[in-house]
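Student: Hi, I have a new structure to go through. Can we take it piece by piece?

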Amino acid sequence: MFHIFDPLRTDMLPRFLELGKTFFVAQEYHHYQDHFATEKKVNLIFTSYDDSEIARAHLGAIEGAPYACIIDLKNERHYQKLCEMLEAGSRYRVFWAAVGDPDSVKKRMGLKYKDHIRRYIDKHTTWRIGGAEKIRPDIQLIFGELFVIIKRGKEVLRIKFDELEKA
């Protein structure tokens, strides 16, 4: 599992309000495992938005997914529920969908998944990449999903990270 997101914390919420990023779209998150945990928690990832229409578009894109919802920080009930979810004893583990250091993530991904990337390219494209040719993946976060972007000449390959992990 390749995990890149930081936990969402209660002390961050006032800053989101200040910045106007008051809408969170929640969805289940599968890229984190705590092998030492004594109790099972539900892993969620929250994507922050300042525009309710974009938040609704995100929710529409994941319609039917477990735990998919919009939380509005300006709604006191939503705010309190989120604070409960972020407490240590909660049954949830919540992450914020933001990449703090994209260059570090790209480097780690390139090292850890270079064979996966080559296998994916061999299987799903007509590209023939020589052994000496370097592949430099980029990353993109779309509606809480991590995508790997690979460019070769004028061609661009956008792969859901989940698909790449399976390659």
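Student: Let's start with one residue. Is Phe46 buried or exposed?
Tutor: Phe46 counts as buried, because its relative accessibility is 0%. Buried means under 20% relative accessible area, exposed over 50%, and partly exposed in between, with a 1.4 Å probe and protein chains only.

Student: What kind of model is this, and how are residues numbered?
Tutor: It is a predicted model: local features need pLDDT of at least 70, side-chain atom pairs count only at pLDDT 80 or more, and totals for chains, interfaces and linings use all residues. Residues are numbered from 1 along each chain as its sequence is written, and side-chain values use heavy atoms, with hydrogens and water left out.

Student: Back to Phe46. Which residue forms an aromatic pair with Phe46?
Tutor: Phe24 does, and the pair is tilted, with 5.9 Å centre to centre and 50 degrees between the planes. Rings of Phe, Tyr and Trp (its six-membered ring) pair if their centres lie within 6.5 Å; planes under 30 degrees apart count as stacked, over 60 as edge-to-face, and the rest as tilted.

Student: Where do Phe24 and Phe46 lie?
Tutor: Phe24 is in strand β2 (residues 23–28) and Phe46 is in strand β3 (residues 42–49), so the pair ties together parts 22 residues apart in sequence. Helices (H or I, at least four residues) and strands (E, at least two) are DSSP runs, numbered from the N terminus. Phe24 is also buried, at 0% relative accessibility.

Student: How many aromatic pairs are there in the whole structure?
Tutor: A search finds seven. One of them is Phe16 with Trp96, an edge-to-face pair at 5.1 Å centre to centre and 90 degrees between the planes. Phe16 sits in helix α1 (residues 13–19) and Trp96 in strand β5 (residues 92–96), 80 residues apart.

Student: And Trp96, how accessible is that one?
Tutor: Trp96 counts as partly exposed, because its relative accessibility is 26%. Phe16 is at 5%, so it counts as buried. Phe16, Phe24, Phe46 and Trp96 form one aromatic cluster.

Student: New topic. What order do the strands of the sheet take?
Tutor: Five strands form an open sheet in the order β1-β5-β3-β2-β4, with mixed pairing. Two strands pair if DSSP finds at least two bridges between them. The edge strands, β1 (6–7) and β4 (69–72), each pair on one side only.

Student: How many bridges join β2 to β3?
Tutor: Six, and the two strands run antiparallel. Gln27, for one, has Ile45 in β3 as its bridge partner.

Student: Which strands does helix α3 touch?
Tutor: Helix α3 (residues 76–86) packs on the sheet, touching β2, β3, β4 and β5. Contact means heavy atoms within 4.5 Å.

Student: Which residues of α3 are buried?
Tutor: Tyr79, Leu82, Cys83, Met85 and Leu86 are. They fall within an arc of 160 degrees seen down the axis, so they line one face of α3. That arc is taken from the directions from the helix axis to the C-beta atoms. On the other side of α3, Glu76 and Arg77 are exposed.

Student: Which residues of α5 are buried?
Tutor: In helix α5 (residues 114–124), His116, Ile117, Tyr120 and Ile121 are buried. Their arc is only 130 degrees around the axis, which puts them on the same side of α5. They pack against α4 (102–112), β7 (145–152), β8 (155–160) and α6 (161–166).

Student: How many residues does the largest nonpolar core have?
Tutor: It has 22, and those with the most contacts inside it are Met109, Ile121, Ile150, Leu157, Phe161 and Leu164. A nonpolar core is a set of buried Ala, Val, Leu, Ile, Met, Phe, Trp, Tyr and Cys residues joined through side-chain atoms within 4.5 Å. The elements giving two or more residues to this core are α4, α5, β7, β8 and α6. A second, separate core has 18 residues, including Ala26, Leu44, Met85 and Leu86.

Student: Last one. Where is Thr22?
Tutor: Thr22 is in the loop between α1 and β2. Thr22 is buried, with a relative accessible area of 5%. Leaving out residues up to four places away in sequence, Thr22 touches Phe16, Leu17, Tyr49, Ile71, Asp72, Leu73 and Lys74.

Notes: Axes fitted to C-alpha atoms, helices over the stretch in contact; angles between N-to-C directions.
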